Structure formats: structure tokens, C-alpha cells
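Welcome! Here is a friendly walk through a protein model, going from its sheet to its helices. Please take a look at the sequence and the structure before reading on.

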Amino acid sequence: MNLTSYSGYITVDKKYNSNLFFWFFPAQDEPNHAPVVLWLQGGPGSSSLFGLFVEHGPYVVTSKLTLHARDYPWTRKFSMLYIDNPVGTGFSFTEDALGYAVNEDDVASNLYSALIQFFQLFPDYKNNSFYATGESYAGKYVPALAHYIHTFNPTADLKINLKGIAIGDPYSDPESIIGGYATFLYQVGLLDEEQEKYFQSQCDECIKHIKAGNWTEAFEILDRMLDGDLNGSSYFETVTGCTNYYNILHCVESEDTGYYEKFLSLPEVRKAIHVGNNTFNNGSNVEKYLQEDTMKSIKPWLIEIMNNYKVLIYNGQLDIIVAAPLTERFLMTIDWKGAKEYKTVQRRIWRVLKADDEVAGYVRQVGDFHQVIVRGGGHILPYDQPLRCFDMINRFVFDKGWII
């Protein structure tokens, strides 16, 4: 498959020589009119090229480091813009420690600068509909960026045609998510009664620190219980024996999700995408600088976007780290214009095809807000359920509805 794409760097802070790497794929169908969809990976510190090669870009990397065409690429209907964000993620870099983002204002400021320059470089796309999307920790990045666009668009010389946002398994409001971990893990059989009590006590302590603004202390508790980044292992790993918290059915991550990194190390690939000898960063520095941000909420910004734009929040049924019921727990706390109706609206069954016996998932819709649970998938949802996710994003962006 021969596709035209564009990649390179956009300088977002000259003082610190901070640069964001982008890779842009014009849509295969009607690129002149197709919506432009930005994809941001979570982490914090995960490269958006993971989304490109593992989840929904046009290519899949094989174990032999060759490429083959994906069956349901989002690039078929959308002009996909993948950005390694924040600086220090993937191929993005800064030459000064002061260039790293320490909060979501920093993230949004750099992304907004990159987008303005992107549409100056590619003016043919600036009037197309624009959607900001991502997953997991991008549950912070996406609303932060959308808030920035919403704030600056009225007076900007170049206006970004923001129509909406879509976030998978969003880590947007740590307090509401953390409060539900112990019960969820117990109910799916990953903790016993005593382990649940201990896990809940630690989560309660974590929330106390969040409420007090003790961000580092809160981070350390959550890391000790789930992530294990500081000590190399976590309580979750100790009691479950599993290193993977992205899918209830899988104790370890699949090997084929890592092939793309080896592919990106090939000299001919580096030359083709204009990164030279730049390091492909693992994101550890990004996570370090955003440590305090990890426990903070972006709820006010999300409310602003839900009141003014189309919004899709979706989860994989099998996710652990931002499980579907934890997202619903969070959504019930959001005071937006459709809050009252959301709490009573009937959930509907969604199928990809009318004659399809397989249920794709479940949808709650209030106006321009769509909440979707996708059956049979975990945290890395488009990898687990590519067709269902492709159908979902098409229905949302093109206003096709959920009932056939």
C-alpha cells in the first residue's frame, strides 16, 4: 500500500528548543473534505506512534519488521495527525530541563502552538472539521487542548475548526477513579476480601492527600498499589501475579505491541521520517516532570467542552486501569448541562451491522455527548477490537447514530 504522509518537527518553544514530532496521513477517502483527527497517546510519556502502528494507523509492523496494511485503519476516513506529546515523548525533544511540561497548561500551550503551525504548513486542511482524540492519560491532554482552542479561537488569526473530542478510557479525574479501584478489582476476582480492604484503605489515604493538595504523597501511594514505576513492582502485581492491567483476560502484554519500536530504529525508517539520530524516548523524564500533575483533575475543562462541543467517552469492557465502571463513576460527578438527563437516560445496544448477532457494545447519548462501552476489548481498545472501534469513531464523527 502506497500512502502519502508527512512527518517532521514543529518548534513549540524557541527558548528551550522544544520540538514536537508529528506524522500526518491525509485521509484515503476524500482527503480534501475529511475531518482532521489528532491522536494523542497517554502515559504520560507514551509515543503516539504506538497508536499509529498498534491501534489504528494504516500500517501494522510484523515480527520481521515489515509492514502490512491494517484492515480497519482510521486513515481511511480521517486525516490522522499523530503527535508525540509532551516534549520528551517518543521523538519529541527539548534541550533544557525547563522545557518539560509540569502541568496541563504547559501541555496545552505547546500543542496549541504546534497545531497553529501545522495548519499554516497545511492550509488546505485548516477549514476541515477538527477533532482532538486520545486515550488514557490523554484524558487530560485532550480536554486541556480543547479548552485552549476554545479560549483562543475567538481572537486568533488562524481559527481551529474544533468540532469535538473523543477519549478512550480517560484518566481525567483521579479522585473518582481511585475511589472505585478496590471494589472493582474484588468484583472481577483479582482481589480477595482482605486484599480489597487493604487496597481500599490505601486508596482512601491517597484521596485524602489529593484533597489536601499533597500531590507527591498521593502519587507515591497509587504507584505503590498499581503502577510500580518507582519500586519496580506494585501491590497489584504481587497479589495477582500479573504485570498487565490493560485487559482482564491477559496477565502479560502481547509481544507484537512492541515491534514498532524496533522498526523505528531502522536507519532507513529514521531517514524517511526525518528524525536523524534523535533518541526515541521511553517517556520516563516526561512522567517525572508530570508527577504532581498525575493526581490532578481536569474536570472543569471537560465540563466546558461537554457544554459546547461533541464529546465521545469510550471504554473497553475488559480494561482494568481505567475500567468502564470507574469512568461511569467519574461521569456521574460531572455537573454539565446534560447531567440530569445522563443519570436517567436508557442505555442502548449497539451493533456494527443490522444483521450482526454480535453485540458491539452499549451507548448512552444525551445530545452531543456519547458514552460507549465496547465489548471484548481492554485498555488498548482499537488493538483488541479494531472493527468495532472503527465503526464507533465513524458513527460519532459523522453523526450516523447508533441504531441501524
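## A helix across the sheet

Helix α16 (residues 386-397) lies across β8, β9 (162-168), β11 (310-316), β12 and β14 (369-374), and runs at about 165° to β11. Angles here run from 0 to 180 degrees between N-to-C directions, with axes as lines fitted to C-alpha atoms, for helices over the stretch in contact. Helices (H or I, at least four residues) and strands (E, at least two) are DSSP runs, numbered from the N terminus.

Before going further, note that this is a predicted model, in which local features need pLDDT of at least 70 and side-chain atom pairs count only at pLDDT 80 or more, while totals for chains, interfaces and linings use all residues. Residues are numbered from 1 along each chain as its sequence is written, and side-chain values use heavy atoms, with hydrogens and water left out.

## The ten-stranded sheet

Which order do the strands of the sheet follow? The open sheet of ten strands runs β1-β2-β6-β3-β8-β9-β11-β14-β13-β12, with mixed pairing. Two strands pair if DSSP finds at least two bridges between them. At the edges stand β1 (6-13) and β12 (348-350); each has a single partner strand, so one side of each is left without a neighbour in the sheet. From one strand to the next, the twist averages 25°.

Several neighbours in this order can be followed pair by pair. Strand β3 (residues 36-40) and strand β8 (residues 130-135) run parallel and are joined by five bridges, with Ala132 of β8 as the bridge partner of Leu38. Next along, β8 and β9 also run parallel, joined by six bridges, and Thr133 stands opposite Ala166 in β9. Strand β9 is mostly covered, with six of its seven residues buried. Buried means under 20% relative accessible area, exposed over 50%, and partly exposed in between (1.4 Å probe, protein chains only).

## Strand β6 and its two partners

Strand β6 (residues 79-83) is mostly covered too: five of its five residues are buried. In a regular strand the side chains alternate between the two faces of the sheet. In β6, Ser79, Leu81 and Ile83 point one way, while Met80 and Tyr82 point the other way.

How do the partners of β6 run? Strand β2 (residues 18-25) pairs with β6 in the antiparallel sense over four bridges, whereas β3 and β6 run parallel, also joined by four bridges. Tyr82 takes part in both pairings: it is the bridge partner of Trp23 and of Trp39.

## Helices that meet

The axes of helix α6 (residues 193-212) and helix α7 (residues 215-227) come within 7 Å and cross at roughly 160°. The two are therefore roughly antiparallel to each other; angles under 35 degrees count as roughly parallel, over 145 as roughly antiparallel, 65 to 115 as roughly perpendicular and the rest as oblique. By class, the contact of α6 with α7 has ten nonpolar, two polar and three charged residues. Contact means heavy atoms within 4.5 Å. For the classes, Ala, Val, Leu, Ile, Met, Phe, Trp, Tyr, Cys and Pro count as nonpolar, Asp, Glu, Lys and Arg as charged, and the others, Gly among them, as polar.

Another pair is helix α3 (residues 138-152) and helix α12 (residues 299-306), whose axes come within 9 Å and cross at roughly 60°. These helices are therefore oblique to each other. Pro143, Ala144, Ala146, His147 and His150 of α3 make the contact with Trp301, Leu302, Glu304 and Ile305 of α12. By class, this contact has six nonpolar, two polar and one charged residues.

## Buried spots in other helices

Helix α1 (residues 49-56) is mostly covered, with eight of its eight residues buried; among them are Phe50, Phe53, Glu55 and His56.

Is Asn110 buried or exposed? Asn110, which lies in helix α2 (residues 104-121), is buried, with a relative accessible area of 11%. Not counting residues up to four places away in sequence, Asn110 touches Val12, Leu20 and Val87.

Ala339 has its place in helix α14 (residues 339-342) and counts as buried at 9% relative accessibility. Ala339 and Leu230 are 109 residues apart in sequence and 38 Å apart in space, C-alpha to C-alpha.
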